[in-house]
Amino acid sequence: MAKKFLLCFHDFSVWNYPKVMPILKSLKDLAGRPFSVLVIPSTEGASEGAVKGFRTALTELRAEGFELALHGFKHKAEFSQGRSYMGLIGMNMTGGEAEFAGLSEFESSRLLQAGLAAWKELFAGENVAPAAFIPPTWYSNKFLPRQVRAEKMLYEDRFFLTTAAGRRYISPVASFAGIPAATEGLALAFGKVILRSPVKVPRLALHPVDFPHLETAARDLIRVALNNKRKIVHYSEL
């Protein structure tokens, strides 16, 4: 059986799509296949023209074979009376981006439904389901995995992938996001290790902030995976 890996581009949004679209197409040419794009669905505060352009970009990606997944709601945490102490720590560690960290069951469900509603609004008139749900920064709460699976979506955390049917994959992730510049070399080395290892489905998680600064490193990791006879898979293929 061919070895696999997930190439995931995080944080695609109404605010960055003009910059990110050329990056996605360039990486597709290198990888030899469209891959998974994680969409921040909220368009709050964006102009009508920007929202229209974002929708057009999403349609274009789908037409080219990219897989679209739901990446939270706003990717910015809101104040919540139901957030635990550990959730507050997660928020502080991520600059307020861990919007699902430590939420109560009610607040977690409310925020997940807000994300789904924003997704449906983006694809109004089309029956487009998210291929997976990935909480921003992977910080979560104990209720979210069950809530996501109840919506028939694959759930991704920092170390595992769990399908809606309950099948679980060990999946270490290589990522440069949110780390000090001094540790970027270590992150690159770790990525090479897991992509060469016998792990069944490792992930390479890229972010807009990686480009152009870490573009060479990102491309090197894709080449390592391909040279190690790994093929890109989509969440929907697990």
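With which side chain does the side chain of glutamate 156 make a polar contact? The partner is the side chain of tryptophan 138, at 2.8 Å. This is a predicted model.

**Glutamate 156**

- Glutamate 156 belongs to strand 5, which spans residues 154-156.
- Its relative accessible area is 0%, so glutamate 156 is buried.
- Besides the contact with tryptophan 138, the side chain of glutamate 156 has a polar contact of 2.8 Å with the side chain of arginine 203.
- With neighbours within four places in sequence left aside, the residues in contact with glutamate 156 are Phe133, Ile134, Pro135, Trp138, Leu161, Arg203 and Tyr235.

**Histidine 71**

- Histidine 71 sits in the loop that runs between strand 3 (67-70) and helix 3 (85-93).
- Histidine 71 counts as buried because its relative accessibility is 1%, under the 20% cut-off.
- Its side chain makes a polar contact of 3.3 Å with the side chain of histidine 75.
- A polar atom of the histidine 71 side chain also lies 2.8 Å from the backbone oxygen of isoleucine 134.
- Apart from neighbours within four places in sequence, histidine 71 is in contact with residues including His10, Asp11, Leu38, Val39 and Ile40.
- Pro41, Ile134, Pro135 and Pro136 are also among the contacts of histidine 71.

**Strand 9 and its pairings**

- Strand 9 (residues 203-206) is covered on both faces.
- Arg203 and Ala205 are buried on one side of strand 9, and Leu204 and Leu206 are buried on the other.
- In a regular strand, side chains alternate between the two faces of the sheet.
- Strand 9 pairs with strand 1 in the parallel sense, over four bridges.
- Within the pairing of these strands, leucine 206 in strand 9 is the bridge partner of phenylalanine 9.
- Strand 9 also pairs in the parallel sense with strand 8 (residues 173-175), over three bridges.
- Alanine 205 in strand 9 stands opposite serine 175.
- A right-handed β-α-β unit is made by strand 8, helix 6 (residues 184-196) and strand 9.

**Aromatic pairs**

- How many aromatic pairs does a search of the whole structure find? The search finds six.
- The ring centres of phenylalanine 12 and phenylalanine 54 are 5.6 Å apart, and the planes are at 50 degrees, so this pair is tilted.
- Phenylalanine 12 is in strand 1 (residues 3-12) and phenylalanine 54 is in helix 2 (residues 48-63), so the pair ties together parts 42 residues apart in sequence.
- Phenylalanine 12 is buried, at a relative accessible area of 0%, and phenylalanine 54 is buried, at a relative accessibility of 0%.
- Phe12, Tyr17 and Phe54 are linked into a cluster by ring pairs.

**Arginines over rings**

- The charged end of arginine 158 sits over the ring of tyrosine 139, at 5.7 Å from the ring centre.
- Arginine 168 lies over the face of phenylalanine 160, at 3.9 Å from the ring centre.

**Glutamate 44**

- Is glutamate 44 buried or exposed? Glutamate 44 is exposed, because its relative accessible area is 58%, over the 50% cut-off.
- Glutamate 44 is in the loop between strand 2 (36-39) and helix 2.
- Beyond neighbours within four places in sequence, glutamate 44 is in contact with Trp15 and Lys74.
- The C-alpha atoms of glutamate 44 and glycine 72 are separated by 14 Å, and the two residues are 28 residues apart along the chain.

**Backbone features**

- The peptide bond from phenylalanine 211 to proline 212 is cis, with omega near 5 degrees.
- Proline 212 is in the loop between strand 9 and helix 7 (215-227).
- Aspartate 11 is not a glycine, but has a positive phi of about 70 degrees.
- Aspartate 11 is placed in strand 1 and counts as buried at 16% relative accessibility.
- Threonine 137 has a positive phi, near 70 degrees, and is a residue other than glycine.
- Threonine 137 lies in the loop between strand 4 (132-133) and helix 5 (144-150), and counts as buried at 17% relative accessibility.

Definitions and conventions: Residues numbered from 1 in each chain as written. Predicted model: local features only at pLDDT ≥ 70, side-chain atom pairs only at ≥ 80, totals over all residues. Heavy atoms only, no water. Helix = DSSP H or I, 4+ residues; strand = E, 2+ residues; numbered from the N terminus. Buried < 20%, exposed > 50% of the residue type's maximum accessible area, 1.4 Å probe, protein only. Polar contact = N/O pair within 3.5 Å; in protein donor to acceptor, adjacent residues only side chain to side chain. Contact = heavy atoms within 4.5 Å. Phe/Tyr/Trp six-rings, centres within 6.5 Å; stacked < 30°, edge-to-face > 60°. Lys NZ or Arg CZ within 6 Å of the ring centre and 35° of its normal. Pairing = 2+ DSSP bridges. Right-handed = clockwise from strand over helix to strand, strands pointing away.
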